Amino acid sequence: MARIVVDPITRIEGHLRIEAEIEGGFIKDAWSSATMFRGIEKILRGRDPRDAWFWTQRFCGVCTTVHSIASIRAVEDALKIKIPPNAQLIRNIIMGIQNVQDHVIHFYHLHALDWVDITSALKADPTKTAALAASLSDWPNNSATYFKAIQDKVKAFVASGRLGPFANAYWGHPAYKLPPEANLMATAHYLEALEWQKDVIKIHAILGSKNPHPQSFLVGGMSIPIDPDSQNALNADKLFEIKRLLKKAQEFVEKVYIPDLLAIASFYKEWAAIGGGVGNYMSYGEFPDANGNLWFPSGALLNKDLSKVLPIDQGKIAEYVDHSWFEGAGAGKGLHPFEGETEVRYTGPKPPYQNLDTNGKYSFAKSPRYEEKSMEVGPLARILVAYASGHKETKAVVDLVLGKLGVGAPALFSTLGRTAARGIDALLIAQQTPKWLDELIGNISKGDYRIHNNESWDPSTWPAEAKGYGFHEAPRGALGHWIKIKDQKILNYQAVVPSTWNSSPRDAKGQRGPYEAALVGTPVADANKPLEILRTIHSFDPCMACAVHVMDVDGNEVIKVKVS
Amino acid sequence: MSIQKNSDTSEKAEQSAEKREYSVGEILKQRGVSRRDFLKFCTAMTAAMSLPASFAPSVAQALDEVKRPTLVWLNFQDCTGDTEALLRASNPTVGEIILDILSVDYHETIMAAAGHQADEALENTITKYKGKYLCVVEGSISMKDGGVYGCTSGKTHLEIARRVCGSALATIAIGTCAAYGGIAAAVPNPTGAVGVKDAVPGATVINLPGCPCNADNLTATVVHYLVFGKIPAMDSKGRPLFAYGKRIHDNCERRPHFDAGQYVEHWGDDAHRKGFCLYKMGCKGPATFHNCPTQRYNEKTSWPVASGHGCAGCSEPQFWDTMSPLYRRLPNVPGFGIEATADKIGLGLVAGAGAAFAVHGALNALRKDKEPEETKEG
């Protein structure tokens, strides 16, 4: 039995290492390790709770809005603050475009090269490529001239002799199955998506100054003022620009992303039976209306059973550290995030090392469990929960996609299902976000310019102690922040993050985390070039800086807060 | 030609390329980038570098002559925000940077290779182009407990940084984490995080702080090097003067309201809607040196103050401690003139602002700074 190591796993956010045992061409067992951490939660202690969104935003620059949202929701929950409808709508638009843009970047720039062999694109016939593309959608760039120009560009790049980020990859691997024309089409869209993503995300700049790390979030609302008669506020000009960009986002998803996804998936249908994983799914639901009702429903599914959606109870979440480099509440004991106090204790091998001790502790990620169960979160979980709950829009798109691929719902429990669900998710949200903009415009027309609830802004109005939590269904799945406030300062802060759920190591019972479980049984044609591992891991869209953020309380340094 | 087997072919291709290296201008032309677009890019770069417009032709000429330089990008204790910023670059775009302007031989977020093939790509590049490649570092470097809090391919980031930055022509520390330790280094700095200059003292480091860094400042720095053949003049904090030479407060579009005493008092009030000064809402612009007001973000769409939120001071060392709380008013903003530089006034202001936290490391780091070699713009 051969043990292989893939480190760094590239085309993800952050630092992830996979070790796997291969027997007879299949993965027999796998271990997922997060190899970097910073300790931001500890750094947060003693700080102003109104600042927490700005700090936690730096958990991750890829999911650059999600921790801000979860953080302000946690503080608003703790202080019982109700935000104005316009602030909610602006947040929905920001979350919506974050989701769509993030998914497109993932598909083309992080995941596509697992399925698309760029070198094969050089052999494609541009005319046939145009015919293929035109059979899929009426995207204006579907011409032979266009694909020829892209092919020439790639040829010139290769001829320059410097392959840059495309050097030394798995090109020519037997697991690549697309015909040259499909490869050329996908390569063209890889480049097009690079242009597109920077345009559509300007919505964040309009509503929040910049992206990454937009800066208009506030506990109690948003900082972007609304006034149609001011040049320094959200006015008709800016709203119209957002409308144009949302349309651009929707068109690209409908006419490029989804057709490409379906075309590529049709060549890789065997991946609908690979990479299933733990089979438990959880979604917190998202996109509240003015009354707090969620557009995407929340819920949990167990054992791939779509007939029963369980309600989520945050009290049933606990984090375990039996295989994580922390000291915890004791072997086999988990802690609820409100009580989450763990001490870091690196016990791994001294670097440089070849292998981790996977019988012991082997990751900086903890193992969150829901009712002691390992749960997968992310677009697949979100779509499955919505589908199983009878969410009308979701059901229509899922059935359409399954129909086009000629597969049944069980095909979703797989690597391919995860990748398809992300596209479905992007499509649904791309079509829904313009409606929130229309609603916002409607409110403004009626003279409602409110963006912030000032009632509890002044910390002197707060109770001596408060605690709350904020849920957000982020692009990568169920995200929760928990905060305890004492004397106007942060007493304790914990975040349980989508990629922690998914990348988690084993728990005390030996239950694998979702990455680990999904890898078991995956075929590996060439252990020296484990392309298949990348396919399944990338299907989760790992975000490791998010996953690892917890820190110890064992330091002797006391945060000195000077009374000012 | 086709590239069937990755490494062999890239080797062959590289051998043939050695016979004839193309200039950036030639490559762009080959890729179908029009001369007009190229000149437009040169003009934008000239502006980003705070050079007079008459420099644009020299920029174009220089880029016509230089070869595609090699760049490796290392991610350490980071959030990938600066990589995302790179993806938003507009002039040139990330596509142009990757395909036309630079040879980005290692960047974990975008590269196709993984695992030992990725390691090999890095190894090949730093060996073959020793002393000639540019290195970009994103994220801080953990020094505590032998650096175990940051590892890639079983090696500590500290070890990787020493090796890769140590043999680079120059290292660009992108973002405040790589420049000064950033968020991970905030009190109590649980992992002993530091910036590149502290981790690899012998390296030639250009700091491009910001959270994240403005991608235009990165491309301008690279172009500055390509055009002038030397790294830009920097202040005592290692920041290029062309991007960090002026105080936000002095270039702020809302400065007239500060001078007129017109302030936002509450989020969403009449003054907020009219775009009055955010000083009372905690804006750190008076203590921060960065070109945000003029360069702006996302193709010049906006910047924090324009979205109704104060500046957070993110381009200043240890701003996480010295500039927080976020909504706390800076004490005693003096009426110094716009000729003041970071080196002359920064310390005093920041020391005042940092009252909320004990900032042992932070102030030490500031004091350590040497006198600036050049504080005036050249």
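**Contacts between chains, domains and helices**

In the predicted model, 101 residues of chain A are in contact with 96 residues of chain B. On the side of chain A that touches chain B, two or more residues are given by each of the elements β1 (2-6), α1 (40-44), α2 (52-56), α7 (144-159), α8 (180-200) and α9 (202-208) of chain A. The largest share of this side, 6 residues, is contributed by α7(A). By residue class, the side of chain A that touches chain B comprises 46 nonpolar, 31 polar and 24 charged residues.

Chain B is divided into domain 1, spanning residues 20-232, and domain 2, spanning residues 245-368. The contact between these domains involves 16 residues from domain 1 of chain B and 17 residues from domain 2 of chain B. On the side of domain 1 of chain B that touches domain 2 of chain B, at least two residues are supplied by each of α9 (175-180) and α11 (215-228) of chain B. The residues on that side of domain 1 of chain B are 8 nonpolar, 6 polar and 2 charged.

Within chain A, a helix pair was also examined. The axes of helix α13 (residues 415-445) and helix α16 (residues 531-539) of chain A come within 8 Å and cross at roughly 40°; α13(A) and α16(A) are therefore oblique to each other. The crossing in which α13(A) passes α16(A) is left-handed. Thr415(A), Arg418(A) and Thr419(A) of α13(A) make this contact with Arg535(A), Thr536(A) and Ser539(A) of α16(A). Among the residues of the contact of α13(A) with α16(A), 4 are polar and 2 are charged, with no nonpolar residues.

Technical notes: Residues numbered from 1 in each chain as written. Chains lettered and ligands numbered in written order. Predicted model: local features only at pLDDT ≥ 70, side-chain atom pairs only at ≥ 80, totals over all residues. Axes fitted to C-alpha atoms, helices over the stretch in contact; angles between N-to-C directions. Helix = DSSP H or I, 4+ residues; strand = E, 2+ residues; numbered from the N terminus. Parallel < 35°, antiparallel > 145°, perpendicular 65-115°, else oblique. Left-handed = near helix turned anticlockwise from the far one by under 90°. Contact = placed C-beta atoms within 7 Å. Nonpolar A, V, L, I, M, F, W, Y, C, P; charged D, E, K, R; others polar. Domains from an automatic or database assignment.
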